[in-house]
Amino acid sequence: MTDSVAQHYGNDGIVSRITSALEEAGFDTNKLESDVFAGADEFHIGGRKGSEFVANALNVQSGQRVLDIGSGIGGPARYLANMLSVSVEGIDLTPEFVEAAVEITEMVGMAEQVSFQIGSATSIPFDENTFDASAMIHVGMNISDKGLLFSEIARVTKPGGSIVVYDVIRTGEDDLVFPMPWSSMPKYSFVDTVDSYVNAAKNAGLELLTVDDHAEMAVSFFNNPPAETPPVNLGHLMGTRMPEMFANARNAINSGTISPILLRFAN
Ligand SMILES: C[S@@+](CC[C@H](N)C(=O)[O-])C[C@H]1O[C@@H](n2cnc3c(N)ncnc32)[C@H](O)[C@@H]1O
């Protein structure tokens, strides 16, 4: 039974599944670098490519403080910290994901720069104007109240701060078939249109800068397996449910029903 968002994602043994696979692939698990986790810890369309889009879109200076909303097991947070020389704080609803994020971050020696805690995107556990910038990657599909979501993002981000949302957005009319990677059932799936995101963000006082639809990358991500098989993959994160979820998402991408879209705002 996965009758909540956190129960959909949460599962036992995430870090040991990933490290066993890395060991089998010949890695010394006492000397792991953050990039080797990329196939399993970047849980969004495009994997590393998607994290690159977000890093390129965030307008930050080195040393600044960035919030990652719905940080999963921390792949994007570690990548942003490495690429942009910022400190990143992640919040996530799923306790098992937060535990794994902390463990992997310690394993790769990044605990001073990157931290995680349990927290909800609709009640962000930080004071107003705490962060220089905020990122949210493939999380809004689980959140019904986009207005509350954006008002919370606006509240904790400093005035003028950069806000990047890279989400699965509805671009067609067909029904979605479940399980999807973000929900086993329609009850916790709130995939919505660009207009709905933009209206909610504008009502929260954000200024829309750009909208980029990465449909072409998504078709390639779902239909062309990588030339070299990565040592770990999303199956190590989500378990045996992943292939069916991936196939349903691929069909929805191929039919143009959903697309990964990056929205860039200023607070
Ligand atoms: C598809 S995963 C993406 C994880 C991560 N952003 C990444 O790209 O690797 C969605 C994440 O959003 C989290 N999440 C869903 N709803 C949330 C909410 N209301 N508040 C905080 N986290 C949430 C889930 O627990 C999960 O870790």
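Y188 counts as buried because it has 21 C-beta neighbours inside 10 Å; a residue is buried if 20 or more other C-beta atoms lie within 10 Å of its own, exposed if 12 or fewer, and partly exposed in between, with C-beta atoms placed from the backbone. The model is predicted: local features need pLDDT of at least 70, side-chain atom pairs count only at pLDDT 80 or more, and totals for chains, interfaces and linings use all residues. Residues are numbered from 1 along each chain as its sequence is written.

Y188 is located in the loop between β5 (157-170) and α8. Helices (H or I, at least four residues) and strands (E, at least two) are DSSP runs, numbered from the N terminus. Leaving aside residues up to four places away in sequence, Y188 touches V5, H8, N142 and S183; two residues are in contact if their C-beta atoms, placed from the backbone, lie within 7 Å. Q7 is 181 residues from Y188 along the chain, and their C-alpha atoms are separated by 11 Å.

The loop between β5 and α8 also holds P179. F178 and P179 are joined by a cis peptide bond, with omega about 5°. Most peptide bonds are trans, and most residues other than glycine have a negative phi. S85, in the loop between α5 and β2, has a positive phi, near 50°. N129, in the loop between β3 (114-118) and β4 (131-137), has a positive phi of about 55° and is not a glycine. S85 is partly exposed, with 13 other C-beta atoms within 10 Å, and N129 counts as partly exposed with 13 C-beta neighbours inside 10 Å.

Next come two helices. Helix α7 (residues 146-156) packs with helix α8 (residues 194-203) at an angle of about 45°, their axes being 8 Å apart. Axes are lines fitted to C-alpha atoms, for helices over the stretch in contact, and angles run from 0 to 180 degrees between N-to-C directions. The two helices, α7 and α8, are therefore oblique to each other: angles under 35 degrees count as roughly parallel, over 145 as roughly antiparallel, 65 to 115 as roughly perpendicular and the rest as oblique. On the α7 side the contact is made by K146, G147, L149 and F150, and on the α8 side by S196, Y197, A200, A201 and N203.
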